[in-house]
Amino acid sequence: MATATLNQQQQAALVDLHRLLQPGSTIWSIHRHTSASGETHWFDFYTIRDNQLLRLTHLICVACEYAQCPRRGALKTTGGGMDMAFHTIYNLGQTMWPDGTPEPHGTRNGTPDTVGGYAFEHRSI
């Protein structure tokens, strides 16, 4: 996220996301559409909690300042050459835990990892 100051909507979305997601949670992505140029992609994001499928797309859009396409209802990303769904989830983790998670959520390069961007598991549907 570009700015350090969060507005009230972003703060409320982050409160909801912290309630729904913990480090180690799995976030599922569905790639809805790619533009003709290949530079714009639209995704939906979900998690499963208490055997319920929960759509996270709107909360992620608000918390991380992504555009949400009114026609598709999906999160809009721009760019290419990398996994844009992973990039979005990485940004979400960094937004939720800008100073790192309270406890290590895994290891990376053989050392305990608290970097917020790597706090979630990502799976594509």
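**A conversation about the predicted chain**

Reader: Where is the place of Asn109 in the chain?
Author: Happy to start there, bearing in mind that this is a predicted model. Strand S6 covers 106–108 and strand S7 covers 111–113. Asn109 has its place in the loop between S6 and S7.

Reader: Is Asn109 buried or exposed?
Author: Asn109 is a residue other than glycine with a positive phi, near 55°. The cut-off for exposed is over 50% relative accessible area. At 75% relative accessibility, Asn109 therefore counts as exposed.

Reader: Is Glu65 exposed or partly exposed?
Author: Exposed would call for over 50% relative accessible area, and buried for under 20%. Glu65 has a relative accessible area of 45%, so the class is partly exposed.

Reader: How many of the 8 residues of helix H2 are buried?
Author: Let's go through the helix, which runs over residues 57–64. The buried residues are Thr57, Leu59, Ile60, Cys61, Ala63 and Cys64. H2 is largely enclosed by the rest of the structure, because the buried residues number 6 of the 8.

Reader: What covers the buried residues of H2?
Author: The cover includes both helices and strands. Among the strands are S2 (40–49), S3 (52–55), S4 and S5. Among the helices are H1 (8–20) and H3 (84–96).

Reader: How many disulfides does the count come to?
Author: A disulfide is a covalent bond between the sulfur atoms of two cysteines. A pair of sulfur atoms has to lie within 2.5 Å to be counted. For Cys61, the nearest cysteine sulfur is that of Cys64, 8.7 Å away, and for Cys64 it is that of Cys61. The count comes to 0 disulfides.

Reader: What is the relative accessibility of Cys61 and of Cys64?
Author: Both cysteines are listed with the buried residues of H2, and buried means under 20% relative accessible area. Cys61 counts as buried at 5%. For Cys64 the value, also counted as buried, is 8%.

Reader: How far apart in space are Arg71 and Ser124?
Author: Arg71 has its place in the loop between strand S4 (67–68) and strand S5 (75–78). Arg71 is exposed, with a relative accessible area of 67%. Along the sequence, Arg71 and Ser124 are 53 residues apart. In space, the C-alpha to C-alpha distance is 22 Å.

Reader: Stepping back, which pattern does the chain follow along the sequence?
Author: The chain contains 3 helices and 8 strands. Read along the sequence, these follow the pattern α-β-β-β-α-β-β-α-β-β-β.

Reader: What radius of gyration does the chain have?
Author: The C-alpha trace spans about 40 × 35 × 35 Å along its principal axes. A compact globule of 125 residues would have a radius of gyration near 14 Å. The chain agrees with that value, at 14 Å.

Definitions and conventions: Residues are numbered from 1 along each chain as its sequence is written. This is a predicted model: local features need pLDDT of at least 70, side-chain atom pairs count only at pLDDT 80 or more; totals for chains, interfaces and linings use all residues. Side-chain values use heavy atoms; hydrogens and water are left out. Helices (H or I, at least four residues) and strands (E, at least two) are DSSP runs, numbered from the N terminus. The radius of gyration is taken over C-alpha atoms; the globule rule is 2.2 Å times the number of residues to the power 0.38. Buried means under 20% relative accessible area, exposed over 50%, partly exposed in between (1.4 Å probe, protein chains only). Contact means heavy atoms within 4.5 Å.
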